[in-house]
Amino acid sequence: MSRWRAAAARISAAAESRLLSRAFSRVGTPAPQPPCRGFSKASAAAAASSRGPAAAAATATATAAGARPEVRLNSMFLSKPCSLALPPDSPLRVEDPKFEGIKHLMLTLLLFYSKQSKSIRGANVVYHRITSQVDKSDIFDVFQLEKTFKTTFSLLVLHMWLILRRLKEEGKDGVKFGQYIYEIYNHDVELRVSKAGVNLLLTKWMKELEKIFYGNIVKYDSAISPEARQDDLVNVIWRNVYADEGSEAMDAAAALARYTRREATCLSLTDKEAMFSGNFKFTALLPNSPSPAKPVR
């Protein structure tokens, strides 16, 4: 059993079979839909037929009204990459408050406008962009994933890698800024695991997850390097995210790999100011998908 499977199994056991996905849900976020779509449809059809034709018709109408857009994995994430920076008039943009007079003087004395303070605020916004993408049900629906501790953590690591990889392009400033984001990520993961009920030996589990994090980062770097084969990233994503889903998940893994490659290129096209302020947004996975709430500095 791999290190990841062993850690996930132990954490699940320590949580006494509680659904760890609860720990990855934000307040007010609706519960994800059942992952087994075929089973859900069959159950709904059986229930409708047992209530008669009228009930079946009502059920069909209700299902159609609330249906999600059809997902065609083979045709997704093939468009030309572009910058992910938010436009100047976007309501999702986050700007530092502009004060004058005594307020500005007091904040200056309190180092509110210092480079480190600005970096920490920006890192919080960037991490909010990551969790907004990972915690939404869209990513699980599109890539055919059940929302579990393993899948959520794996997607979180994947998006952290995308951001850290982009920040490396900015040299020492980017690496230092990435460290602020990593510290926020580490604290968030600890809270998520703790909220799941894993309080005993928490330090041990965090060390295991840290090893998994750095191991995955190295694998993703290798899989997207110029020397890598075209299918290397697909295979790495399948092992890290889909290994427990079986070989039938390979199409979904290929789609996630295309999404990953495209986002990596899009982030490279995103300017430094947007990256350091968090004024960017990952690509929407479904049409007409509601935008995440504006992060608070």
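How many helices and how many strands does the protein chain have?

## Overall build

The model is a predicted one. Its protein chain has twelve helices and zero strands. Reading along the sequence gives the pattern α-α-α-α-α-α-α-α-α-α-α-α.

The protein chain has 297 residues, and 43% of them count as buried.

## The nonpolar core

The largest nonpolar core has 65 residues. Phe143, Ile163, Tyr185 and Tyr242 are those with the most contacts inside it. At least two residues each come from α5 (115-135), α6 (137-142), α7, α8 (171-195), α9 (202-223), α10 (232-242), α11 and α12 (272-277). Helix α7 gives the most, with twelve residues.

Which residues does isoleucine 163 touch, leaving aside its neighbours within four places in sequence? Isoleucine 163 is in contact with Val126, Ile130, Ile181, Leu267, Met275, Phe280 and Phe282.

## Helix α7 against α11

Two packed helices are described by the angle between their axes and the distance between the axes. Start with helix α7 (residues 149-168) and helix α11 (residues 250-269). They pack at an angle of about 30 degrees, and their axes are 9 Å apart. Angles under 35 degrees count as roughly parallel, so α7 and α11 are roughly parallel to each other. Their crossing is right-handed.

On the α7 side, the contact is made by Leu155, Leu158, His159, Trp161, Leu162, Ile163, Arg165 and Arg166. On the α11 side, Leu256, Tyr259, Thr260, Glu263, Ala264, Leu267 and Ser268 take part. The residues of this contact divide into nine nonpolar, three polar and three charged.

## Helix α7 against α9

Helix α7 also packs with α9, at an angle of about 55 degrees. The axes of α7 and α9 are 10 Å apart. Are these two helices parallel or oblique to each other? Given that angle, α7 and α9 are therefore oblique. Helix α7 passes α9 in a right-handed crossing.

From α7, the contact uses Phe149, Phe153, Val157, Leu158, Met160, Trp161, Leu164 and Lys168. From α9 come Leu209, Ile212, Phe213, Asn216, Ile217, Tyr220 and Asp221. The residues of the contact of α7 with α9 divide into twelve nonpolar, one polar and two charged.

Terms used: Residues numbered from 1 in each chain as written. Predicted model: local features only at pLDDT ≥ 70, side-chain atom pairs only at ≥ 80, totals over all residues. Heavy atoms only, no water. Axes fitted to C-alpha atoms, helices over the stretch in contact; angles between N-to-C directions. Helix = DSSP H or I, 4+ residues; strand = E, 2+ residues; numbered from the N terminus. Parallel < 35°, antiparallel > 145°, perpendicular 65-115°, else oblique. Left-handed = near helix turned anticlockwise from the far one by under 90°. Contact = heavy atoms within 4.5 Å. Nonpolar A, V, L, I, M, F, W, Y, C, P; charged D, E, K, R; others polar. Core = buried A, V, L, I, M, F, W, Y, C linked by side-chain atoms within 4.5 Å. Buried < 20%, exposed > 50% of the residue type's maximum accessible area, 1.4 Å probe, protein only.
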